Amino acid sequence: MEIEFSEASRPFSREILEDIARTWNANAAGRHAFFPWTGELLSNQLTNPDGSAVGRLLLARTGNGDLIGFAHVNQIREDGYPSAGDVEILLVDAGYRKRGIGGGLLDRAVASASAWRPAPGFLDALGAWPFGYGFTGIVDGSERSGVFLREEAAYRLFLRHGFAPVRKSLVMRANLTRVTPRPLPQGSGFYIARRTENTWLDRVFRQRTLWDHELVRTDRRILSRAIFGFMEELSTAEGRAVFSVFGVNTPRDMQGKGYAGVNISHMLDHIRGLGADLAELHVYADNVPALALYHSLGFRVVAETMMMHRKLP
């Protein structure tokens, strides 16, 4: 059967995005994702505020024009991170797998990223959550998206195409019914506000409201900051309110004093008061201090993902 590979024109048309959403829903919804995709959702994720396209869309079609696979590769420019691109989505229709289509899309994603060529020139195969290609059962009995899990076909596909595992990330969850706020340091309190910053996090999750939860001294010195947000798709799928902790930061000269634990424990208590049942976060598996902290706060590992790199030719 003849397969035609192409790159979607930029800016991405609503027709292309709706076609991708239909293909994703037919193959992934209910198994790899928590909620159905729509063209509007993809437009929000893959279009900048000025209407320009985010990254590049690689398409695979049959001779009669049916979409049977796609990949999205995005350029990385954040915080000096040494990557040329991020393979964020890769999916092939279940009826056309094992025909080399996934490899063909991946090769074209590599070629697209090669054109960016920033030094030192990596291509980052870090799947952007929640665009997973595999899933795994987790301890509370639900399913969640997992990217490049060792037992998954996608992981083996990337290995065959020259990618190597670099860093494992763990997904952790806490049951908020068992949260106990820790005592506040003397002369401190909390500041909670909707985020207005325009970081990569705010752009990626711009369809959600994100909040800063800061432990501060009376002199306004920040002791610890955490970012959290309500996860609509998780809550809809599981029938329980789920919040995600997107980031925790403690100034270097304030580390090792227990401020992060105090801040997170009160943040969890706060979101429990908003009606949440569960909190979820991602942490690198080699971040031993953070893992110990999250375990002490009641978080448990429920899934793992893997960052992979391939050097550009």
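The dialogue below goes through the labels used for this predicted model and the values behind them.

Student: What makes up the chain, in helices and strands?

Tutor: The protein chain has eight helices and 14 strands. Of its 313 residues, 51% count as buried.

Student: Why is the pair of phenylalanine 228 and phenylalanine 243 called tilted?

Tutor: Start with the whole structure, where a search finds three aromatic pairs. In this one the ring centres are 6.1 Å apart and the planes meet at 45 degrees. Centres within 6.5 Å make a pair, and planes under 30 degrees apart would be stacked, over 60 edge-to-face.

Student: What makes phenylalanine 230 and phenylalanine 243 a tilted pair?

Tutor: Their centres are 5.3 Å apart, and the angle between the planes is 50 degrees.

Student: Which residues form the cluster of rings?

Tutor: Ring pairs link Phe228, Phe230 and Phe243.

Student: Why is phenylalanine 243 called buried, and what is phenylalanine 230 called?

Tutor: Buried means under 20% relative accessible area. Phenylalanine 243 has 8%, so it counts as buried. Phenylalanine 230 has 33%, which lies between 20% and the 50% limit for exposed, so it is partly exposed.

Student: How do you know that aspartate 212 is buried?

Tutor: Its relative accessible area is 7%, and the cut-off is 20%, so aspartate 212 is buried. The residue lies in strand S10 (residues 210–217). Leaving aside neighbours within four places in sequence, aspartate 212 has contacts that include Tyr191, Arg195 and Arg225.

Student: What makes arginine 108 count as lying over the face of phenylalanine 5?

Tutor: Arginine 108 is 3.9 Å from the ring centre. The distance limit is 6 Å, and the charge must also be within 35 degrees of the ring normal.

Student: Why are H1 and H2 called roughly perpendicular?

Tutor: The axes of H1 (residues 14–27) and H2 (residues 39–46) come within 8 Å and cross at roughly 115 degrees. The range for roughly perpendicular is 65 to 115 degrees, so the label applies. The crossing is right-handed. Among the residues making the contact are Leu17 and Ile20 of H1, and Leu42 and Leu46 of H2.

Student: What makes the bond between arginine 10 and proline 11 a cis peptide bond?

Tutor: Omega is about 0 degrees there. Proline 11 lies in the loop between strand S1 (3–7) and H1.

Student: Which phi value does lysine 98 have, and is lysine 98 buried or exposed?

Tutor: Phi is near 65 degrees, a positive value in a residue other than glycine. The relative accessible area is 89%, and exposed means over 50%, so lysine 98 is exposed. Lysine 98 is in the loop between strand S4 (85–92) and helix H3 (101–114).

Student: Why is arginine 220 called exposed?

Tutor: Its relative accessible area is 75%, over the 50% cut-off, so arginine 220 is exposed. Arginine 220 has a positive phi of about 75 degrees, and is found in the loop between S10 and S11.

Terms used. Residues numbered from 1 in each chain as written. Predicted model: local features only at pLDDT ≥ 70, side-chain atom pairs only at ≥ 80, totals over all residues. Heavy atoms only, no water. Phe/Tyr/Trp six-rings, centres within 6.5 Å; stacked < 30°, edge-to-face > 60°. Buried < 20%, exposed > 50% of the residue type's maximum accessible area, 1.4 Å probe, protein only. Axes fitted to C-alpha atoms, helices over the stretch in contact; angles between N-to-C directions. Helix = DSSP H or I, 4+ residues; strand = E, 2+ residues; numbered from the N terminus. Parallel < 35°, antiparallel > 145°, perpendicular 65-115°, else oblique. Left-handed = near helix turned anticlockwise from the far one by under 90°. Contact = heavy atoms within 4.5 Å.
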